[in-house]
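This report describes a single protein chain.

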Amino acid sequence: METTQKNILYYASLLIGAWLLGLAGESIYAPAMPSIATSLGTSDALIKLTVTFFIFGKTISMFICSPIAEAFARRQFLLFGLSLFILGGLICTFSPDIHILLTGRLIQGLGVSITILMGRAIVNDRFENRYAAQVFSYIFTGNAIGIFILPILGGYLATFLSWRWIFFILTCYGAIVFILLWWSLPKKNFQFSLEALKPSVIFNNYKTITRNAPFWGFLLCVAFMMAGEKAYTTTAAFLFIKNIGLSRVEFGYLNAAMWAAHLSGTLVAGWLAFKWGIDRVLAIGILLISISSLVMLSAGFTGWDNIIVFGAAMLIYMLSTGLVIVPAAVGIVRPFPKLIGFATAFAMAMEFAIASVISYLISQHSSTVTPIERVVGTMGLLTLLAWVLLLRKTYLLHKE
């Protein structure tokens, strides 16, 4: 296992750019979503599905990758995922209608999912718990800095350029990341074993991970938390641009503020995880998510649709996502040091599956604040429930 600060920074730097594609694939074009609907002559509901299809692509990819993640070398599989993302980006750029655009978004999701999975597997392969948490903190922080800038950039691009340019720029960025990782990522010490493809081995791997209660606890905490965030992402552009009246640039700055909150959470999580351990940091994140969710549910079911209150509660929710995602990325594979790729792929498949369902459901509702408050608030309380039922004992054990 690696422990030196030099190696921690080296791997974090290599993987930040690749992981940013997953978040950039949702945030940079968000300010342009209403104008895409106009350009392609389609409905708002179908344009919202571009987020859903992207997440659904991640889901399919993870379910496929789960049984084969341990069979292929990490580096080659990661580069294959980047290739798919680039192909999907080109399809989106030149799509003549909504159906081709949705196809491109699905392929982008398929590719970026592999990239995220292999990045997480590489970190967990090479670093033990606390050091892995530090690497993840650097990666999530780097992503959060990027994602802070991308919505603002997207707002200006949507104002002064065609939405097609946004997808083209994103595709070019994916190509640059591919070249950098192909050149810089170490070519040795990444496992390759066809033994992992045997049906008996796959069955035993599923049996091992699905019988572990803490595994399900970390999985469901991230899944419900992510579902709430994706509900916001799916419909926020239509809420703030079409209903509230923000400009595309103003909406870009608003989204940047949300991701700045996430950035703060990842920074704090990385620092605290090294000092206190991942279980205590997760508990803090769960507490904050519960508070913000109760505020949103109270507003959503009493009819008190105050956009300022919603925005403040959503900022706290996004701060919590940073505090949850860092310890969960380590905790979810902690019981399975020999099944890191397999466990990570299965967990992320379930997480993306739940998020894609919630994204689809919110896309079918009006772009008003009440449905978002109810959905995000419900997902936050389900996150709390998963922690109480499946992880509270683990937290108490490590606290003693």
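The sections below cover the model, the whole chain, and selected local features.

## Model and conventions

The structure is a predicted model, in which local features need pLDDT of at least 70 and side-chain atom pairs count only at pLDDT 80 or more, while totals for chains, interfaces and linings use all residues. Residues are numbered from 1 along each chain as its sequence is written, and side-chain values use heavy atoms, with hydrogens and water left out.

The mean pLDDT (the predictor's confidence in each residue, from 0 to 100) of the protein chain is 84, and 91% of its residues reach 70 or more.

## Overall architecture

The protein chain contains 15 helices and zero strands; these are DSSP runs numbered from the N terminus (helices H or I, at least four residues; strands E, at least two). Its C-alpha atoms fill a box of roughly 50 × 45 × 40 Å along the principal axes.

Of the 400 residues, 60% count as buried (under 20% relative accessible area, with exposed over 50% and partly exposed in between; 1.4 Å probe, protein chains only). Of the contacts (heavy atoms within 4.5 Å) with a separation of 6 or more, 88% join residues 24 or more positions apart.

Helix α5 has 29 residues and reaches 42 Å from its first C-alpha to its last, close to the expected 42 Å (1.5 Å times one less than the number of residues). Because 23 of these 29 residues are buried, α5 is largely enclosed by the rest of the structure. At its start, a side-chain oxygen of D97 reaches to within 3.0 Å of the backbone nitrogen of H99.

Q108 lies in α5 (residues 98-126) and counts as buried because its relative accessibility is 0%. Beyond neighbours within four places in sequence, Q108 contacts F54, F85, G88, G89, C92, F167 and L170.

## Helix α9

The 31 residues of α9 (residues 213-243) should span 45 Å, and the end C-alpha atoms are 43 Å apart, which agrees. A kink of about 50° is centred on T235, the bend being the angle between axes fitted to the seven residues ending there and the seven starting there.

Since 26 of its 31 residues are buried, α9 is largely enclosed by the rest of the structure. Just after α9, G245 takes a positive phi of about 100°.

Technical notes: A polar contact is a pair of N or O atoms within 3.5 Å; within protein, one must be able to donate a hydrogen and the other to accept it, and residues adjacent in sequence count only if both atoms are side-chain atoms.
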